[in-house]
Amino acid sequence: DDDGDDDAGPASEMCCMLSVPPTEVPSGVLYLLSPYIPAMRHVRILAISSAAEVSATTTAEHTSSSEEGGSYLILFRMKDAAAARSMIRDYSGAPYSTLAPDERCTLRAVHAADVTAPP
């Protein structure tokens, strides 16, 4: 009996990449995740100027921002929960590139997202 729970979290078609440096958006991320592009149904890139803009339950340990003055959060809707879990498992903790091995991906499952424009 598979309830969808594993190391990547409960079943969800959505996942997000947290604290993405500006130098990796969008080409670096898409190049890194290129094996999963056929499984992606929708991608939304959000500029995050402070950790306060993102729910504290999602980013408590991911509040650093790059030297350029901000970072990005990238939401992915995958074709199914298995593809989302697989991408999380394969890329969470992986470096964005060999040129910056200390900058690593943080991917998490997302169960709901409410994206609104600032006032």
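The talk below goes from the fold to single contacts.

Mentor: Ground rules to begin with: this is a predicted model, where local features need pLDDT of at least 70, side-chain atom pairs count only at pLDDT 80 or more, and totals for chains, interfaces and linings use all residues. Residues are numbered from 1 along each chain as its sequence is written, and side-chain values use heavy atoms, with hydrogens and water left out.

Trainee: How do you know how many helices and strands the protein has?

Mentor: They're DSSP runs numbered from the N terminus: helices are H or I over at least four residues, strands are E over at least two. That gives 3 helices and 4 strands, in the order β-α-β-α-β-α-β from the N terminus on.

Trainee: What makes β1 and β3 a pair?

Mentor: Two strands pair if DSSP finds at least two bridges between them. β1 (residues 14–20) and β3 (residues 71–78) have 5 bridges, in the antiparallel sense. Among the partners, Cys15 has Phe76 in β3, and Met14 has Arg77. On β4, β1 is joined by 4 bridges, again antiparallel, with Met17 opposite Leu107.

Trainee: And which strands are called edge strands?

Mentor: The open sheet has the order β2-β3-β1-β4, with antiparallel pairing. β2 (40–48) and β4 (107–110) each pair on one side only, and those are the edges. Neighbouring strands are turned by 25 degrees against each other on average, direction ignored; the axes are lines fitted to C-alpha atoms, for helices over the stretch in contact, and angles run from 0 to 180 degrees between N-to-C directions.

Trainee: Which helix packs on the sheet?

Mentor: Helix α3 (residues 81–91) does, touching β1, β2, β3 and β4. Contact means heavy atoms within 4.5 Å. The direction of α3 makes about 160 degrees with that of β4.

Trainee: What makes β1 "mostly covered"?

Mentor: Buried means under 20% relative accessible area, exposed over 50%, partly exposed in between (1.4 Å probe, protein chains only). In β1, 6 of its 7 residues are buried. Across the 119 residues of the protein, 39% count as buried.

Trainee: Why is His111 called exposed?

Mentor: His111 has 52% relative accessibility, so it counts as exposed. This residue is found in the segment after β4. His111 and Ser12 are 99 residues apart in sequence and 6.0 Å apart in space, C-alpha to C-alpha.

Trainee: What makes a group of residues a nonpolar core?

Mentor: A core is a set of buried Ala, Val, Leu, Ile, Met, Phe, Trp, Tyr and Cys residues joined through side-chain atoms within 4.5 Å. The largest one here has 22 residues, of which Met17, Val29, Leu33, Phe76, Met78, Met87 and Tyr91 touch the most other members. At least two residues each come from β1, α1 (27–32), β3 and α3, and α3 gives the largest share, 5 residues. Apart from this core lies another, of 7 residues, including Met14, Cys16, Leu18 and Val110.

Trainee: What does Leu33 touch?

Mentor: Leaving out residues up to four places away in sequence, Leu33 touches Met17, Met40, Phe76, Met87 and Tyr91.

Trainee: Why is the pair Tyr36 and Tyr91 called edge-to-face?

Mentor: Rings of Phe, Tyr and Trp (its six-membered ring) pair if their centres lie within 6.5 Å; planes under 30 degrees apart count as stacked, over 60 as edge-to-face and the rest as tilted. The centres of these two rings are 5.9 Å apart and the planes stand at 80 degrees, so the pair is edge-to-face. Tyr36 sits in the loop between α1 and β2 and Tyr91 in helix α3, 55 residues apart. Both tyrosines, Tyr36 and Tyr91, are buried.

Trainee: How do you know that Glu13 forms a salt bridge with Arg77?

Mentor: The rule asks for a side-chain nitrogen of Lys or Arg within 4 Å of a carboxyl oxygen of Asp or Glu. For Glu13 and Arg77, the closest N and O atoms are 3.6 Å apart, and that makes a salt bridge. Glu13 lies in the segment before β1 and Arg77 in strand β3, so the pair ties together parts 64 residues apart in sequence. The structure holds 1 salt bridge.

Trainee: Are those two residues buried, exposed or partly exposed?

Mentor: Glu13 has 35% relative accessibility, so it counts as partly exposed. Arg77, at 38%, counts as partly exposed.
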